[in-house]
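Have the viewer open while you read, and take the points in order.

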Amino acid sequence: MVSITPLPQSSSRGVDVVDSPRLRSRSTSTVIPPREIAFGNLLASGANGEVFKATFNGRSVAVKKFHSISPHEFCNEVKILQLLQHANIITFLGNMTEPFRCIVTELMEMGDLQAYIRKSRLPFASLLSIAIQIAEGMSYVHRTGLIHRDLKCGNVMLTSSGIEGALVAKVMDFGDACEMSNVMSRRHIGTARWTAPEMFQGKSYNEKVDVYAFGVLLWELLSNGAVPFSEYIFDSQVEDAVLRGERPTIPPECKCPLGMRSLIESCWNQIPSLRPTFLDIVPILRDFQSREVDTE
Ligand SMILES: Nc1ncnc2c1ncn2[C@@H]1O[C@H](COP(=O)(O)OP(=O)(O)OP(=O)(O)O)[C@@H](O)[C@H]1O
Ligand SMILES: [Mg+2]
(Lines give C-alpha, C1' and ligand atoms only; values in the text may rest on other atoms or scores of the structure.)
(Ligands and ions follow the chains in the order given, each with its own letter.)
Protein backbone atom coordinates (compact mmCIF):
# COMPACT_ATOMS: atom_id res chain seq x y z
CA MET A 1 0.00 0.00 0.00
CA VAL A 2 1.42 3.34 -1.02
CA SER A 3 1.12 6.16 1.46
CA ILE A 4 2.27 9.75 1.57
CA THR A 5 3.52 11.16 4.85
CA PRO A 6 3.22 14.81 5.90
CA LEU A 7 5.68 17.06 4.08
CA PRO A 8 6.87 19.41 2.39
CA GLN A 9 10.50 18.55 2.54
CA SER A 10 13.47 18.61 0.25
CA SER A 11 14.49 15.57 -1.72
CA SER A 12 17.64 14.09 -3.21
CA ARG A 13 16.48 14.85 -6.77
CA GLY A 14 15.47 18.39 -5.93
CA VAL A 15 11.83 17.62 -6.64
CA ASP A 16 9.11 19.38 -4.70
CA VAL A 17 7.57 16.62 -2.65
CA VAL A 18 4.36 17.77 -1.07
CA ASP A 19 1.66 16.53 1.18
CA SER A 20 -1.09 16.96 -1.33
CA PRO A 21 -4.66 16.18 -0.29
CA ARG A 22 -5.51 15.34 -3.89
CA LEU A 23 -2.70 12.85 -4.31
CA ARG A 24 -3.13 11.53 -0.78
CA SER A 25 -6.78 10.75 -1.49
CA ARG A 26 -5.68 8.29 -4.19
CA SER A 27 -5.36 5.22 -2.05
CA THR A 28 -5.66 2.42 -4.60
CA SER A 29 -2.82 -0.03 -4.18
CA THR A 30 -1.00 -0.84 -7.38
CA VAL A 31 1.80 -2.84 -5.78
CA ILE A 32 2.87 -5.85 -7.85
CA PRO A 33 4.42 -8.83 -6.00
CA PRO A 34 7.98 -9.44 -7.30
CA ARG A 35 7.13 -13.02 -8.37
CA GLU A 36 4.72 -11.66 -10.98
CA ILE A 37 7.47 -9.83 -12.89
CA ALA A 38 9.96 -11.76 -15.08
CA PHE A 39 12.86 -9.42 -15.86
CA GLY A 40 14.39 -9.47 -19.35
CA ASN A 41 16.94 -7.32 -21.19
CA LEU A 42 18.18 -3.92 -20.13
CA LEU A 43 16.53 -1.37 -22.45
CA ALA A 44 18.23 1.83 -21.30
CA SER A 45 19.99 3.53 -18.42
CA GLY A 46 18.62 6.91 -17.41
CA ALA A 47 19.81 9.47 -14.91
CA ASN A 48 17.65 7.93 -12.20
CA GLY A 49 17.79 4.23 -12.91
CA GLU A 50 17.74 1.41 -15.40
CA VAL A 51 14.81 0.39 -17.58
CA PHE A 52 14.30 -3.31 -18.31
CA LYS A 53 12.03 -5.18 -20.65
CA ALA A 54 9.95 -7.61 -18.58
CA THR A 55 6.88 -9.82 -18.67
CA PHE A 56 3.89 -9.15 -16.43
CA ASN A 57 0.45 -10.76 -16.71
CA GLY A 58 1.50 -12.36 -20.00
CA ARG A 59 2.39 -9.07 -21.68
CA SER A 60 5.67 -7.33 -22.42
CA VAL A 61 6.20 -4.30 -20.19
CA ALA A 62 8.92 -1.83 -19.21
CA VAL A 63 10.21 -1.78 -15.63
CA LYS A 64 12.12 1.26 -14.39
CA LYS A 65 14.33 0.28 -11.46
CA PHE A 66 15.44 3.34 -9.51
CA HIS A 67 19.03 3.78 -8.31
CA SER A 68 18.22 6.01 -5.42
CA ILE A 69 14.89 7.59 -4.84
CA SER A 70 13.39 8.57 -1.52
CA PRO A 71 10.14 6.87 -0.49
CA HIS A 72 8.43 10.27 -0.76
CA GLU A 73 9.60 10.92 -4.30
CA PHE A 74 8.67 7.41 -5.33
CA CYS A 75 5.18 7.75 -3.84
CA ASN A 76 4.77 11.10 -5.57
CA GLU A 77 5.61 9.65 -8.98
CA VAL A 78 3.38 6.60 -8.44
CA LYS A 79 0.44 8.71 -7.29
CA ILE A 80 0.77 11.02 -10.28
CA LEU A 81 0.96 8.10 -12.71
CA GLN A 82 -2.13 6.58 -11.07
CA LEU A 83 -4.05 9.79 -11.80
CA LEU A 84 -3.26 9.93 -15.51
CA GLN A 85 -5.17 8.05 -18.19
CA HIS A 86 -4.87 9.38 -21.71
CA ALA A 87 -3.95 8.02 -25.13
CA ASN A 88 -0.86 10.25 -25.21
CA ILE A 89 0.41 9.55 -21.70
CA ILE A 90 2.37 6.41 -20.82
CA THR A 91 0.10 3.76 -19.30
CA PHE A 92 1.03 2.93 -15.71
CA LEU A 93 0.57 -0.75 -14.80
CA GLY A 94 1.86 -0.88 -11.25
CA ASN A 95 4.84 -0.53 -8.96
CA MET A 96 7.13 -2.69 -6.87
CA THR A 97 8.69 -1.64 -3.59
CA GLU A 98 10.62 -4.81 -2.73
CA PRO A 99 13.41 -5.83 -3.28
CA PHE A 100 13.83 -2.46 -5.01
CA ARG A 101 11.58 0.37 -6.07
CA CYS A 102 10.29 -0.03 -9.62
CA ILE A 103 7.62 1.46 -11.83
CA VAL A 104 5.95 -0.79 -14.40
CA THR A 105 4.53 0.76 -17.58
CA GLU A 106 3.45 -0.37 -21.01
CA LEU A 107 6.39 -1.18 -23.28
CA MET A 108 7.01 1.49 -25.93
CA GLU A 109 8.85 -0.61 -28.46
CA MET A 110 9.99 2.23 -30.75
CA GLY A 111 11.96 3.91 -27.96
CA ASP A 112 12.19 7.60 -27.23
CA LEU A 113 11.47 10.40 -29.67
CA GLN A 114 14.89 12.03 -29.42
CA ALA A 115 16.72 8.85 -30.45
CA TYR A 116 14.11 8.14 -33.13
CA ILE A 117 14.32 11.50 -34.93
CA ARG A 118 18.11 11.39 -34.77
CA LYS A 119 18.19 8.19 -36.78
CA SER A 120 15.09 8.54 -39.01
CA ARG A 121 14.35 11.65 -41.03
CA LEU A 122 10.59 11.95 -40.68
CA PRO A 123 8.54 14.04 -43.12
CA PHE A 124 7.06 17.21 -41.69
CA ALA A 125 3.55 15.69 -41.67
CA SER A 126 4.74 12.92 -39.30
CA LEU A 127 6.55 15.41 -37.04
CA LEU A 128 3.38 17.50 -36.92
CA SER A 129 1.28 14.48 -35.99
CA ILE A 130 3.71 13.71 -33.15
CA ALA A 131 3.67 17.35 -31.98
CA ILE A 132 -0.15 17.34 -31.91
CA GLN A 133 -0.21 14.14 -29.85
CA ILE A 134 2.27 15.56 -27.33
CA ALA A 135 0.27 18.77 -27.08
CA GLU A 136 -2.93 16.72 -26.55
CA GLY A 137 -1.21 14.74 -23.79
CA MET A 138 0.13 17.90 -22.14
CA SER A 139 -3.23 19.64 -22.42
CA TYR A 140 -4.67 16.71 -20.47
CA VAL A 141 -1.84 16.87 -17.88
CA HIS A 142 -2.60 20.55 -17.29
CA ARG A 143 -6.37 19.96 -17.17
CA THR A 144 -5.65 17.34 -14.52
CA GLY A 145 -3.95 20.07 -12.50
CA LEU A 146 -0.39 18.84 -12.91
CA ILE A 147 2.85 20.33 -14.26
CA HIS A 148 5.32 17.91 -15.88
CA ARG A 149 8.49 20.03 -15.50
CA ASP A 150 10.72 17.78 -17.62
CA LEU A 151 9.12 17.81 -21.07
CA LYS A 152 11.61 17.08 -23.88
CA CYS A 153 11.87 14.67 -26.82
CA GLY A 154 13.84 12.27 -24.59
CA ASN A 155 10.78 11.96 -22.34
CA VAL A 156 8.34 11.15 -25.14
CA MET A 157 8.04 7.50 -26.15
CA LEU A 158 6.85 6.01 -29.42
CA THR A 159 4.94 2.91 -30.45
CA SER A 160 3.63 1.90 -33.85
CA SER A 161 0.26 0.86 -32.43
CA GLY A 162 -1.74 3.51 -34.29
CA ILE A 163 -4.08 2.91 -37.24
CA GLU A 164 -2.16 1.03 -39.97
CA GLY A 165 0.98 1.10 -37.83
CA ALA A 166 0.99 4.90 -37.42
CA LEU A 167 3.34 6.29 -34.77
CA VAL A 168 1.73 7.00 -31.42
CA ALA A 169 3.58 9.40 -29.08
CA LYS A 170 3.18 9.27 -25.30
CA VAL A 171 4.60 11.59 -22.66
CA MET A 172 6.38 9.80 -19.82
CA ASP A 173 8.79 10.37 -16.92
CA PHE A 174 6.69 12.13 -14.30
CA GLY A 175 9.54 12.05 -11.77
CA ASP A 176 9.68 15.85 -11.65
CA ALA A 177 5.93 16.45 -11.93
CA CYS A 178 3.92 18.28 -9.28
CA GLU A 179 0.46 19.61 -8.68
CA MET A 180 -0.17 23.19 -9.88
CA SER A 181 -1.59 24.04 -6.49
CA ASN A 182 1.58 22.86 -4.74
CA VAL A 183 4.40 24.39 -6.78
CA MET A 184 7.34 25.43 -4.70
CA SER A 185 10.10 27.36 -6.38
CA ARG A 186 13.37 25.57 -6.71
CA ARG A 187 16.07 25.98 -9.27
CA HIS A 188 16.84 23.48 -11.99
CA ILE A 189 13.98 21.05 -11.75
CA GLY A 190 13.95 19.12 -15.00
CA THR A 191 16.69 19.57 -17.60
CA ALA A 192 18.50 22.90 -18.01
CA ARG A 193 18.29 23.14 -21.80
CA TRP A 194 14.48 22.96 -21.60
CA THR A 195 14.14 25.13 -18.47
CA ALA A 196 12.11 28.35 -18.59
CA PRO A 197 13.75 31.61 -17.44
CA GLU A 198 11.40 32.12 -14.48
CA MET A 199 12.40 28.73 -13.09
CA PHE A 200 16.11 29.58 -13.40
CA GLN A 201 15.39 32.80 -11.50
CA GLY A 202 13.77 30.91 -8.64
CA LYS A 203 10.61 32.97 -9.17
CA SER A 204 7.17 31.53 -8.65
CA TYR A 205 6.08 29.80 -11.82
CA ASN A 206 3.17 27.87 -13.25
CA GLU A 207 2.29 25.37 -15.98
CA LYS A 208 3.69 27.76 -18.61
CA VAL A 209 7.13 26.25 -17.87
CA ASP A 210 5.86 23.19 -19.78
CA VAL A 211 4.82 25.41 -22.71
CA TYR A 212 8.33 26.89 -22.78
CA ALA A 213 9.75 23.33 -22.84
CA PHE A 214 7.31 22.43 -25.61
CA GLY A 215 8.74 25.31 -27.68
CA VAL A 216 12.21 23.78 -27.28
CA LEU A 217 10.74 20.35 -28.09
CA LEU A 218 9.25 21.71 -31.35
CA TRP A 219 12.70 23.09 -32.16
CA GLU A 220 14.15 19.59 -31.54
CA LEU A 221 11.59 18.15 -33.98
CA LEU A 222 12.61 20.66 -36.67
CA SER A 223 16.31 20.07 -35.95
CA ASN A 224 16.37 16.25 -36.25
CA GLY A 225 16.88 15.81 -32.51
CA ALA A 226 19.82 18.20 -32.14
CA VAL A 227 20.88 19.29 -28.65
CA PRO A 228 19.48 22.75 -27.85
CA PHE A 229 22.15 25.34 -27.00
CA SER A 230 24.88 22.89 -28.08
CA GLU A 231 27.27 25.84 -28.25
CA TYR A 232 27.22 25.88 -24.44
CA ILE A 233 28.83 23.13 -22.38
CA PHE A 234 27.63 23.97 -18.90
CA ASP A 235 24.12 24.38 -17.55
CA SER A 236 25.19 27.71 -16.02
CA GLN A 237 26.01 29.00 -19.54
CA VAL A 238 22.59 27.89 -20.78
CA GLU A 239 20.98 29.63 -17.82
CA ASP A 240 22.82 32.91 -18.52
CA ALA A 241 21.87 32.70 -22.21
CA VAL A 242 18.19 32.00 -21.51
CA LEU A 243 18.03 34.85 -19.00
CA ARG A 244 19.54 37.16 -21.66
CA GLY A 245 16.66 36.09 -23.92
CA GLU A 246 18.70 33.83 -26.23
CA ARG A 247 16.94 30.86 -27.80
CA PRO A 248 18.07 28.06 -30.13
CA THR A 249 18.20 29.10 -33.79
CA ILE A 250 15.37 27.63 -35.84
CA PRO A 251 17.11 26.07 -38.85
CA PRO A 252 16.59 28.50 -41.76
CA GLU A 253 16.49 25.64 -44.25
CA CYS A 254 13.78 23.70 -42.43
CA LYS A 255 10.60 23.12 -44.39
CA CYS A 256 7.87 24.07 -41.95
CA PRO A 257 4.58 25.91 -42.43
CA LEU A 258 4.46 29.63 -42.21
CA GLY A 259 3.38 30.26 -38.66
CA MET A 260 5.30 27.36 -37.08
CA ARG A 261 8.24 29.61 -36.30
CA SER A 262 5.99 32.17 -34.64
CA LEU A 263 4.29 29.41 -32.64
CA ILE A 264 7.68 28.23 -31.35
CA GLU A 265 8.68 31.80 -30.52
CA SER A 266 5.44 32.38 -28.62
CA CYS A 267 5.90 29.13 -26.66
CA TRP A 268 9.36 30.17 -25.46
CA ASN A 269 8.45 33.83 -24.87
CA GLN A 270 10.39 35.27 -21.92
CA ILE A 271 7.09 36.36 -20.34
CA PRO A 272 5.06 33.32 -19.21
CA SER A 273 1.66 35.00 -19.58
CA LEU A 274 2.41 35.69 -23.27
CA ARG A 275 2.93 32.00 -23.98
CA PRO A 276 -0.12 30.13 -25.30
CA THR A 277 -1.78 27.33 -23.37
CA PHE A 278 -1.88 23.79 -24.74
CA LEU A 279 -5.59 24.39 -25.36
CA ASP A 280 -4.49 27.15 -27.76
CA ILE A 281 -1.63 25.14 -29.25
CA VAL A 282 -3.57 22.02 -30.30
CA PRO A 283 -5.90 23.81 -32.76
CA ILE A 284 -3.01 25.87 -34.18
CA LEU A 285 -1.09 22.67 -34.95
CA ARG A 286 -4.23 21.00 -36.30
CA ASP A 287 -4.79 23.97 -38.56
CA PHE A 288 -1.32 23.50 -40.08
CA GLN A 289 -2.24 19.85 -40.62
CA SER A 290 -5.68 20.35 -42.14
CA ARG A 291 -4.86 23.28 -44.41
CA GLU A 292 -1.54 21.89 -45.63
CA VAL A 293 -0.40 25.48 -45.40
CA ASP A 294 2.45 26.84 -47.48
CA THR A 295 5.87 25.86 -46.28
CA GLU A 296 8.75 28.27 -46.24
N1 LIG B 1 7.93 2.33 -21.23
C2 LIG B 1 9.11 2.26 -21.85
N3 LIG B 1 9.27 1.51 -22.94
C4 LIG B 1 10.47 1.44 -23.57
N5 LIG B 1 11.59 2.11 -23.17
C6 LIG B 1 11.48 2.87 -22.08
C7 LIG B 1 10.26 2.99 -21.35
N8 LIG B 1 10.46 3.82 -20.31
C9 LIG B 1 11.74 4.23 -20.40
N10 LIG B 1 12.36 3.66 -21.44
C11 LIG B 1 13.76 3.87 -21.86
O12 LIG B 1 14.53 4.26 -20.73
C13 LIG B 1 15.05 5.59 -20.89
C14 LIG B 1 15.10 6.30 -19.55
O15 LIG B 1 13.78 6.36 -19.00
P16 LIG B 1 13.34 7.57 -18.07
O17 LIG B 1 13.30 8.84 -18.84
O18 LIG B 1 12.08 7.18 -17.39
O19 LIG B 1 14.54 7.59 -17.04
P20 LIG B 1 15.35 8.78 -16.39
O21 LIG B 1 16.18 8.12 -15.35
O22 LIG B 1 14.43 9.86 -16.00
O23 LIG B 1 16.26 9.25 -17.54
P24 LIG B 1 16.54 10.69 -18.10
O25 LIG B 1 17.15 11.47 -17.02
O26 LIG B 1 17.45 10.38 -19.25
O27 LIG B 1 15.22 11.27 -18.53
C28 LIG B 1 14.15 6.24 -21.93
O29 LIG B 1 14.80 7.27 -22.64
C30 LIG B 1 13.82 5.05 -22.84
O31 LIG B 1 14.84 4.84 -23.79
MG1 LIG C 1 13.58 10.67 -18.64
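Predicted model: local features only at pLDDT ≥ 70, side-chain atom pairs only at ≥ 80, totals over all residues.

1. Start with ligand 1. It has 21 residues around it, and the closest are A44, G46, A47, N48 and A62. Sorted by class, that shell holds 10 nonpolar, 8 polar and 3 charged residues.

2. Where does the shell around ligand 1 come from? Three strands, β1 (37-45), β2 (49-56) and β3 (59-66), each put in at least two residues. On the scale of domains, both domain 1 (5-106) and domain 2 (113-290) give residues to the shell, so ligand 1 lies between them.

3. Next, look at helix α4, residues 124-143, and its packing on helix α6, residues 208-222. The angle is about 165° and the axes are 11 Å apart. With angles over 145° counted as roughly antiparallel, that makes α4 roughly antiparallel to α6. The α4 and α6 crossing is right-handed.

4. Which residues make the contact of α4 with α6? From α4 come L127, I130, A131, I134, A135 and M138, and from α6 come D210, F214, L217, L218 and L221. By class, this contact has 10 nonpolar residues, 1 charged and no polar ones.

5. Helix α4 also packs against helix α9 (residues 278-291), at an angle of about 160° and with the axes 9 Å apart. So α4 and α9 are roughly antiparallel to each other as well. Here, though, the crossing is left-handed.

6. For the contact of α4 with α9, select L128, A131, I132, A135, E136, M138, S139 and H142 on the α4 side. On the α9 side, select F278, L279, I281, V282, L285, R286, F288 and Q289. The classes here are 11 nonpolar, 3 polar and 2 charged.

7. Now for the backbone. Most peptide bonds are trans, and most residues other than glycine have a negative phi. The bond joining E98 and P99 is cis, with omega about 0°. You'll find P99 in the loop between β4 (92-96) and β5 (102-106).

8. Last, check D173. Is its phi positive or negative? Phi of D173 is positive, near 60°, in a residue that isn't glycine. D173 sits in the loop between β8 (168-171) and β9 (178-179).

Technical notes:
Residues numbered from 1 in each chain as written. Chains lettered and ligands numbered in written order. Axes fitted to C-alpha atoms, helices over the stretch in contact; angles between N-to-C directions. Helix = DSSP H or I, 4+ residues; strand = E, 2+ residues; numbered from the N terminus. Parallel < 35°, antiparallel > 145°, perpendicular 65-115°, else oblique. Left-handed = near helix turned anticlockwise from the far one by under 90°. Contact = placed C-beta atoms within 7 Å. Nonpolar A, V, L, I, M, F, W, Y, C, P; charged D, E, K, R; others polar. Near = placed C-beta within 6 Å. Domains from an automatic or database assignment.
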